[in-house]
Amino acid sequence: MGFDEFLDVSSFAGADKLRGYVSDKGAFDKIIRIMEDKPEDESEFIFLVTMQNHSGYAPKSTDNGFSEEVMLTDVPIQTPDVVATERYLTLIKHSDQAFADLIEYFENHVEEPTIIAMFGDHEPGDYITDVIDKLVGNESFNMASDNSGAAGSTQESLEEVQKHYMVPYVIWNNFGAQKRTDADLISANYLSPLILEEAGVELPPYQKFLLQMREQVPAVAAGAYVDADGTYHSWDGSDPDDENTKLLNDYHILQYNHLSDPDGRVEELFKE
């Protein structure tokens, strides 16, 4: 995938852990050490996949004393799913603190222009989200959806289903780039050109294509996409003659060439 070095768990000896996994604090500390050890005249691009919050969330003998700190007080019975949800939310609390510490370090110790982007790649399992749905009164999801990402026949039900495919993200920088007002709704495939644009990097043709595509289709997700008018469209029954469908098909072809066709890859499309 173009990385110069891959660091697996064996590179995290002595790292802080939660439930037997390297914690977000331990993972972020590794980023800090890499930055401190690198030559001053060199830059770093680091892509970190964390493990701390991975399922499952039921108590296990290997949890090494991890216990709930965030308690759900408005539930009638402490079922196993409720306990698991409290444990998941406790992990999120630990993530929040670790991320705050990471940003504080870069604010106070790093003058080199830096961008930090953090996003979630999926929500937890249904046994967690069902508990939260009931607490917030959002039980329509189970009635409207077939759980495949496609929804029932109404526009409202499709939007309800897509709420379960939304995750938060944040892009921080230390050189004064202002908050974007056009990025409240965005899908993960558009984060890379957005970040490169913020960094002032000359975009390869593929990344320019993504930014142009985003103007017409601002979010692409499991089971649906969103058009420029904010309307949700299910993948099922897409009209092959529709302009959005044609554009998305072009995107599929470029994706295939980039990821799955090394012998036929058009390299100049994907490089600066």
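## A guided tour

**Stop 1: the whole chain.** Before you select anything, keep in mind that this is a predicted model. Show the protein chain as a cartoon, and you can look for eight helices and seven strands. The C-alpha atoms fill a box of roughly 55 × 55 × 40 Å along the principal axes. If you colour by burial, 34% of the 272 residues in the chain come out as buried.

**Stop 2: a pocket.** Now select Y165, M166, V167, V220 and A221, the residues nearest the centre of the second largest pocket. In total, 35 residues line this pocket, and the space in it comes to about 780 Å³. Next, highlight β5 (219-221), β6 (224-226) and α8 (243-260): each of these elements supplies at least two residues of the lining. What classes of residue make up the lining of this pocket? Colour by class to find 22 nonpolar, nine polar and four charged residues.

**Stop 3: a nonpolar patch.** Turn to the surface and select M1, F3, F45, F47, V49 and F119. Together they form a nonpolar patch with about 800 Å² of accessible area. Pick out F119 and follow the cartoon: F119 belongs to strand β3, which covers residues 115-119.

Stop 4: The structure holds 13 salt bridges, and we will visit a few of them. Side chains of opposite charge can pair when their charged atoms come close. Start by selecting K25 and D29, whose side chains meet in a salt bridge with 3.0 Å from N to O. Why are these two separated by about one helical turn? They are four residues apart in helix α1 (residues 24-37), so about one turn separates them. D29 is partly exposed at 26% relative accessibility, and K25 is also partly exposed, at 41%.

**Stop 5: a link between distant parts of the chain.** Select E68 and R87 next; this salt bridge has its closest N and O atoms 2.9 Å apart. The two residues lie 19 apart and join distant parts of the chain: E68 sits in the loop between α1 and α2 (80-109), while R87 is in helix α2.

**Stop 6: one more pair.** Move on to E160 and K163, which form a salt bridge with their closest N and O atoms 3.0 Å apart. E160 is buried, with a relative accessible area of 14%, whereas K163 is partly exposed, at 44%.

**Last stop: a loop.** Finally, select A188 in the loop between β4 (169-173) and α6 (191-198). A188 counts as exposed because its relative accessibility is 52%, above the 50% cut-off for that label. Now try the distance tool on the C-alpha atoms of A188 and D101: these residues are 87 apart along the chain, and the two atoms are separated by 25 Å.

Conventions: Residues are numbered from 1 along each chain as its sequence is written. This is a predicted model: local features need pLDDT of at least 70, side-chain atom pairs count only at pLDDT 80 or more; totals for chains, interfaces and linings use all residues. Side-chain values use heavy atoms; hydrogens and water are left out. On a 1 Å grid over the protein atoms alone, a cavity is a set of points where a 1.4 Å probe fits but cannot get out, and a pocket is an open set with protein on both sides within 12 Å along at least five of seven lines; lining residues have an atom within 4 Å of a point. Grid points are joined across faces, edges and corners, and a volume is the space filled by probe spheres set on the points. Ala, Val, Leu, Ile, Met, Phe, Trp, Tyr, Cys and Pro count as nonpolar, Asp, Glu, Lys and Arg as charged, and the others, Gly among them, as polar. Patches are made of residues with over 30% relative accessible area and no salt bridge: like charges are joined within 9 Å, nonpolar side chains (Val, Leu, Ile, Met, Phe, Trp, Tyr) within 5 Å. Accessible areas come from the Shrake-Rupley method with a 1.4 Å probe; for residues, only the protein chains shown count as cover. A salt bridge is a side-chain nitrogen of Lys or Arg within 4 Å of a carboxyl oxygen of Asp or Glu. Buried means under 20% relative accessible area, exposed over 50%, partly exposed in between (1.4 Å probe, protein chains only).
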